Amino acid sequence: MTLDVAWAQRWAREAARSIADAKVELVELDRQIGDGDHGENLNRGFQAVVAKLDAVTEPPQMIGDVLKTIATTLMSSVGGASGPLYGTAFLRAAKVSGLPELDSHAVVALLEGALEGITARGKAQVGEKTMVDAWSPAVDAAVAAADAGASPEEVLVAAEKAAAAGAESTIPLVATKGRASYLGERSAGHKDPGAASSVILLQAAVRASEDAA
Ligand code: ADP
Ligand code: MG
């Protein structure tokens, strides 16, 4: 039940599998309020991540090595707004790099790093109908869970649940950042695709931790 480098690798592979499964759904969400490429973009990026992980001759030693591989691969292969956003998220999440395994507070640090990366890059705040609406409540829930003595896996579950609620909360919002903001009021009534894919990534992190049990 440890969140170690093997967990990080399972997370990447679970993420690739679930993004592939959700590709059509993400394309459909992005077609409503964007240009319809989000599912294709992310699927291409995570397939490239898996190819990178498969190709290494030396297995990664640190969680941060895996997170940095995810980051650089997404940056170079996803494109669109979400490539640099997720790339920076995983790069900042890799600040937990030096640790052989994550305790509850390190899980919080990883998630905080991801949110910091997204906001540093995209400058969006909560309520602007972006992936920040999933990650920000996820971090808040993770902090609360860790402070209440939850295990690392429970912290991930709390984050994932809050992200899912956050993604649902984007439906009535009018987008003020990203491509969806070009639609103005017409962006209301649709879930933000980046918030939806963020939930999928956090669900993959939870599943990767269950596999370790
Ligand atoms: P593009 O909009 O360039 O086609 P994608 O379709 O891959 O890029 O990703 C769109 C998602 O990116 C949106 O649903 C939103 O969650 C996220 N996004 C866009 N701009 C921002 C921003 N400034 N801050 C945070 N997230 C953003
Ligand atoms: Mg798009």
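Helices (H or I, at least four residues) and strands (E, at least two) are taken here as DSSP runs and are numbered from the N terminus. The structure is a predicted model, in which local features need pLDDT of at least 70 and side-chain atom pairs count only at pLDDT 80 or more, while totals for chains, interfaces and linings use all residues. Residues are numbered from 1 along each chain as its sequence is written, chains are lettered from A and ligands numbered from 1 in the order in which they are written, and side-chain values use heavy atoms, with hydrogens and water left out.

Within this scheme, T119 has its place in helix 6. T119 is partly exposed, with a relative accessible area of 29%; in this classification, buried means under 20% relative accessible area, exposed means over 50%, and partly exposed lies in between, with a 1.4 Å probe and protein chains only. Contact means heavy atoms within 4.5 Å, and, when neighbours within four places in sequence are left aside, T119 is in contact with A124 and V132. A polar atom of the T119 side chain lies 3.2 Å from the backbone oxygen of E116. The C-alpha atoms of T119 and S136 are separated by 9.7 Å, the two residues being 17 residues apart along the chain.

The loop between helix 6 (104-122) and helix 7 (132-147) contains K123, and K129 lies in the loop between helix 6 and helix 7 as well. K123 is not a glycine, although its phi is positive, at about 55°, and K129, which is not a glycine either, has a positive phi of about 65°. K123 is exposed, because its relative accessible area is 57%, whereas K129 is buried, with a relative accessible area of 1%.

With a relative accessibility of 8%, G194 counts as buried, and, leaving aside its neighbours within four places in sequence, G194 is in contact with H38, Y86 and M131. S82, whose place is in helix 5 (residues 82-93), touches H38, G87 and M131 when residues up to four places away in sequence are not counted. S82 is buried, with a relative accessible area of 6%.

Helix 9 (residues 193-211) also holds S198, which is buried because its relative accessible area is 0%. The side chain of S198 makes a polar contact with the side chain of Y86, at 2.9 Å, and a polar contact with the side chain of W135, at 2.9 Å. A polar contact is a pair of N or O atoms within 3.5 Å; within protein, one must be able to donate a hydrogen and the other to accept it, and residues adjacent in sequence count only if both atoms are side-chain atoms. Apart from its neighbours within four places in sequence, S198 is in contact with Y86, M131, A134 and W135.

Two packed helices are described by the angle between their axes and the distance between the axes. The axes of helix 1 (residues 5-21) and helix 3 (residues 38-55) come within 9 Å and cross at roughly 145°, where axes are lines fitted to C-alpha atoms, for helices over the stretch in contact, and angles run from 0 to 180 degrees between N-to-C directions. The contact involves Q9, A12, R13, A15, A16, I19 and A20 of helix 1, together with L42, N43, F46, Q47, V49, V50, L53 and D54 of helix 3. These residues divide into 10 nonpolar, three polar and two charged, with Ala, Val, Leu, Ile, Met, Phe, Trp, Tyr, Cys and Pro counted as nonpolar, Asp, Glu, Lys and Arg as charged, and the others, Gly among them, as polar.
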